[in-house]
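Here is a short briefing on charged pairs and strand pairing. Look at the model, then read on.

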Amino acid sequence: MAQQETDEQINDGFVVDTEDCEARELAYRERGTVRPITVVGNPVLHKECKEVTEFGDELAALIDDMFASQKAAEGVGLAANQIGVDLKVFVYDCPDDEGMRHTGVVVNPVLQDLPADRRVLDDSNEGCLSVPTAYASLARPDVAEVHGQDAQGNPIKVRGTGYFARCLQHETDHLYGYLYIDRLSKRDRKDALRQMEEGTPRYETVPND
């Protein structure tokens with residue numbers, strides 16, 4: 001399957017993910033098929049995912065499906081285990097706090113520890129497609145840097161600030177078996193699960209048997 005030639009442009013070692021976002025995102029999802037979203041309690045969400053070792057048509061097709069599923073659910077980021085696939089890959093189509101759109105893919109992501117003087121905790125609301133209709137305040141660093149690979153297996157680095165930094169941390173967490181509610185106090189986690197129970201998802205989900 002043909003890959004987007006402009007997907008991975010590198011500048012100072014970091015992916016340029018702000019160019020041609022509309023066209024790239026549309027191309028992915030037009031090739032893809034929407035899949036239902038797994039929700040908290042599904043075993044695939046609560047364990048570390050497997051490393052991606054094969055970079056070919058199957059991975060490309062998965063990425064297409066992830067973009068299609070993310071759009072259908074009106075999300076800004078999606079990890080593979082959120083559509084039931086036990087692999088370390090996430091996609092994103094997310095604005096930062098300045099309104100700049102970022103669109104891309106990270107395979108086998110590793111979140112980097114940044115020096116304290118390079119980050120400030122941002123205590124903002126957070127939600128998750130796998131905890132539908134629920135939101136809670138969660139402090140996260142306002143800068144994030146993720147190292148990984150692109151869809152062809154080339155090494156990449158992605159840097160984000162503000163809301164996009166939150167997205168990068170949130171999606172990387174997913175692939176290591178953590179939901180954002182796992183980082184909440186017991187009281188706040190209970191409240192988030194109550195919100196989920198009382199709400200109705202706007203997209204198809206996988207029932208937990």
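A salt bridge here is a side-chain nitrogen of Lys or Arg within 4 Å of a carboxyl oxygen of Asp or Glu. By this rule the structure has 17 salt bridges. The model is predicted, so local features need pLDDT of at least 70, side-chain atom pairs count only at pLDDT 80 or more, and totals for chains, interfaces and linings use all residues. Residues are numbered from 1 along each chain as its sequence is written, and side-chain values use heavy atoms, with hydrogens and water left out.

**Terms**

- Buried means under 20% relative accessible area, exposed means over 50%, and partly exposed lies in between (1.4 Å probe, protein chains only).
- Helices (H or I, at least four residues) and strands (E, at least two) are DSSP runs, numbered from the N terminus.
- Two strands pair if DSSP finds at least two bridges between them.

**Salt bridges**

- Side chains of opposite charge can pair when their charged atoms come close.
- Asp182 and Arg189 form a salt bridge through their side chains, at 2.7 Å from N to O. Asp182 is partly exposed at 34% relative accessibility. Arg189 is also partly exposed, at 28%.
- Arg35 and Asp65 are joined by a salt bridge of 2.9 Å, N to O. Arg35 sits in the loop between helix 1 (21-31) and strand 3 (37-38), and Asp65 in helix 2 (residues 57-72), so the pair ties together parts 30 residues apart in sequence. Arg35 is partly exposed, with a relative accessible area of 29%. Asp65 is buried, at 11%.
- Asp86 and Lys47 form a salt bridge, with their closest N and O atoms 3.5 Å apart. This pair links distant parts of the chain, 39 residues apart: Asp86 is in the loop between strand 4 (77-79) and strand 5 (89-95), Lys47 in the loop between strand 3 and helix 2. Asp86 is buried at 17% relative accessibility. Lys47 is partly exposed at 41%.
- A network of salt bridges links Asp122, Glu126, Arg140, Arg166, Asp173 and Arg183.

**Strand 9 and its partners**

- Strand 9 (residues 143-149) has five of its seven residues buried, so the rest of the structure largely encloses it.
- Strand 6 (residues 101-111) runs antiparallel to strand 9, and three bridges join them. Leu111 has Val146 of strand 9 as its bridge partner.
- Strand 10 (residues 155-161) pairs with strand 9 in the antiparallel sense over seven bridges. Val143 has Thr161 of strand 10 as its bridge partner.
- The hairpin of strand 9 and strand 10 has five residues between the strands, and Gly153 there takes a positive phi near 95 degrees.
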